[in-house]
Amino acid sequence: YERAYPELYDDSVRIDGSTMLPSVEIALALQETGSAEAETPLLKRSLTAFQYAPWFGRFKYGPLDARIFILSGDKQKALDALRQAVNQGWRKDWWYYLKKDPALKRLREEPRYQAIIEEVGADMTRQLSRVREWEEQGKISSVAEAVNTSL
């Protein structure tokens with residue numbers, strides 16, 4: 001990351017759309033390697049960029065604000081942000097983020113988090129069933145066609 005995004009290691013440089021995701025990944029890596037003090041300014045800059053730049057919306061970057069909040073140590077804000085993203089329809093890459101993302105692993109034992117996983121999983125199962133029905137009815141020829149049609 002340091003070679004690809006040297007500007008993220010300078011606290012005076014503003015984070016933007018091209019550096020939003022890497023900044024959170026770097027903060028996570030710094031935390032995982034025990035450099036907690038180094039990642040704090042990076043997380044603050046990331047959150048500021050996310051809050052004041054509407055193009056960062058939930059669908060473009062998934063639950064990015066939830067990831068920033070949990071890395072900053074605020075479980076309740078992370079859960080609130082995740083709930084809001086789900087309520088607004090976020091589903092892209094849901095399985096990875098909710099089941100595998102190392103940043104969100106700190107929430108996995110929380111009952112609210114478990115409820116979100118169950119809700120999104122059930123919704124995705126319903127959506128897949130609907131697509132399978134459309135296949136059987138000849139309305140579409142494949143799941144890939146359904147995805148491409150919905151885009």
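Predicted model: local features only at pLDDT ≥ 70, side-chain atom pairs only at ≥ 80, totals over all residues.

Student: Where does arginine 91 lie?

Tutor: Arginine 91 is in the loop between α5 (75-87) and α6 (94-100).

Student: And is arginine 91 buried or exposed?

Tutor: Buried, because its relative accessibility is 17% and the cut-off for buried is under 20%.

Student: OK, new topic. How many salt bridges does the structure hold?

Tutor: Twelve. One of them pairs glutamate 25 with arginine 67, at 2.7 Å from N to O. Glutamate 25 lies in helix α1 (residues 20-32) and arginine 67 in helix α4 (residues 64-71), so the bridge ties together parts that are 42 residues apart in sequence.

Student: What about accessibility for glutamate 25 and arginine 67?

Tutor: Glutamate 25 is partly exposed at 25%, while arginine 67 is buried at 1%.

Student: Which residues are linked with Arg67 in a network of salt bridges?

Tutor: Glu25 and Asp101.

Student: Now helix α5. What does arginine 83 form a salt bridge with?

Tutor: Glutamate 119, with the closest N and O atoms 2.9 Å apart. Arginine 83 is in helix α5 and glutamate 119 in helix α7, so parts 36 residues apart in sequence are tied together.

Student: And aspartate 80?

Tutor: Its side chain meets that of arginine 112 in a salt bridge, 2.6 Å from N to O. Aspartate 80 lies in helix α5 and arginine 112 in helix α7 (residues 111-136). Aspartate 80 is partly exposed at 42%, and arginine 112 is partly exposed at 34%.

Technical notes:
Residues numbered from 1 in each chain as written. Heavy atoms only, no water. Helix = DSSP H or I, 4+ residues; strand = E, 2+ residues; numbered from the N terminus. Buried < 20%, exposed > 50% of the residue type's maximum accessible area, 1.4 Å probe, protein only. Salt bridge = Lys/Arg side-chain N within 4 Å of Asp/Glu carboxyl O.
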